[in-house]
Amino acid sequence: MVKVKIVFYSTFGHTYKMAKAIADGARSVGAKVELYQVPELLSEAALDAAGARGPQQEWAELPFATEECLRDADAIIFGSPVRFGNVTAQMRNFLDRTARLWLSGALVGKVGSAFVSAGTQHGGHETAIQSMHTTLLYHGMYIVGLPYTEPQLVAMDAIVGGSPFGASFTTGTDGSREMSQADIALCQAQGKRVALIAHKISVGHHPSPTPSPAPTNPPPFPSATATPIVQSSAPSAATPAVAAPAT
């Protein structure tokens, strides 16, 4: 069974809701999914002032991500709100502390993916995802996004996030907007796609312990039914005959 780990930071819950939808997509194709949060850097006073303490209680019981918990994953999906076109300090702090995984090559060959939420439609969705992609490339991971075969990516009748880089969600500057069915569908599609590709890679890296048996009666070499090659004893017209030495 493929192991997919989703590592996220969320201030008011939007990125957490995306993480849950992505997890649903991965589970729909049989993956084992685990959700992890990254440590908070804001003080309690700052969280209280922003009104974030209450929403964060919804995922307070989730474990915190560590370097070690990522080692046995087949795929890792990172999620963060956007801050001025980049990821949050909380997510960047966690990514910057994966140096030991990089030095040992522990994440090489694993599937990596990313998703974000932002306050506005043009609030740095793609640049924030790409900033995470850069880290994943340093780790030697296979990056997976969303192809344009997902119809929501070309929808023009409503506000819909997402791009070839990955799922994204526009929360509104006051954070009041909830995920639409199209937003949820894109998140689920990303989770499903990551899990399926991770499965293909896992199968390729770990061949079956019972390979196909060799033929019991392999054909002789050369084949007995093969037509023998007959060479003419007559000299070629292009090659002059050489007289045999006298005895």
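Predicted model: local features only at pLDDT ≥ 70, side-chain atom pairs only at ≥ 80, totals over all residues.

**Labels and what backs them**

Modeller: Start with the largest pocket, whose lining residues split into eight nonpolar, 13 polar and two charged. Numbering runs from 1 along each chain as its sequence is written, and side-chain values use heavy atoms, with hydrogens and water left out.

Biologist: What volume does the largest pocket have, and what makes it a pocket?

Modeller: The largest pocket has about 450 Å³. Of its 23 lining residues, Thr11, Phe12, Pro81, Val82 and Arg83 are the closest to the centre. The elements giving two or more residues to that lining are α1, β3 and β5 (111-118), with the largest share, three residues, coming from β3. On a 1 Å grid over the protein atoms alone, a pocket is an open set of points with protein on both sides within 12 Å along at least five of seven lines; a cavity is a set where a 1.4 Å probe fits but cannot get out, and lining residues have an atom within 4 Å of a point. Volume is the space filled by probe spheres set on the points, joined across faces, edges and corners.

Biologist: How many cavities of 30 Å³ or more are there by this rule?

Modeller: One cavity of 30 Å³ or more is counted, and the largest cavity holds about 30 Å³ of space. Leu70, Phe78, Leu95, Thr98, Leu107, Thr135, Leu136 and His139 line the largest cavity. Its lining has five nonpolar, three polar and no charged residues.

Biologist: Which residues are closest to the centre of the second largest pocket?

Modeller: The second largest pocket has about 370 Å³ of space. Gln121, Glu126, Val160, Gly161 and Gly162 are the closest to its centre, out of 21 lining residues. At least two lining residues each come from α6 (125-138) and β7 (168-170).

Biologist: Why is strand β1 called largely enclosed?

Modeller: Five of the six residues in β1 (residues 3-8) are buried, so the rest of the structure largely encloses this strand. Buried means under 20% relative accessible area, against over 50% for exposed and partly exposed in between (1.4 Å probe, protein chains only). Of the chain's 247 residues, 40% count as buried. The chain has seven helices and seven strands, these being DSSP runs (H or I, at least four residues, for helices; E, at least two, for strands) numbered from the N terminus.

Biologist: What makes β1 and strand β2 (residues 32-37) a pair?

Modeller: Pairing takes at least two DSSP bridges, and β1 and β2 have six, in the parallel sense. One of the bridges joins Phe8 to Gln37 of β2. Strand β3 (residues 75-83) also pairs with β1 in the parallel sense, over five bridges, and Ile6 has Ile77 of β3 as its bridge partner.

Note on methods. Nonpolar A, V, L, I, M, F, W, Y, C, P; charged D, E, K, R; others polar.
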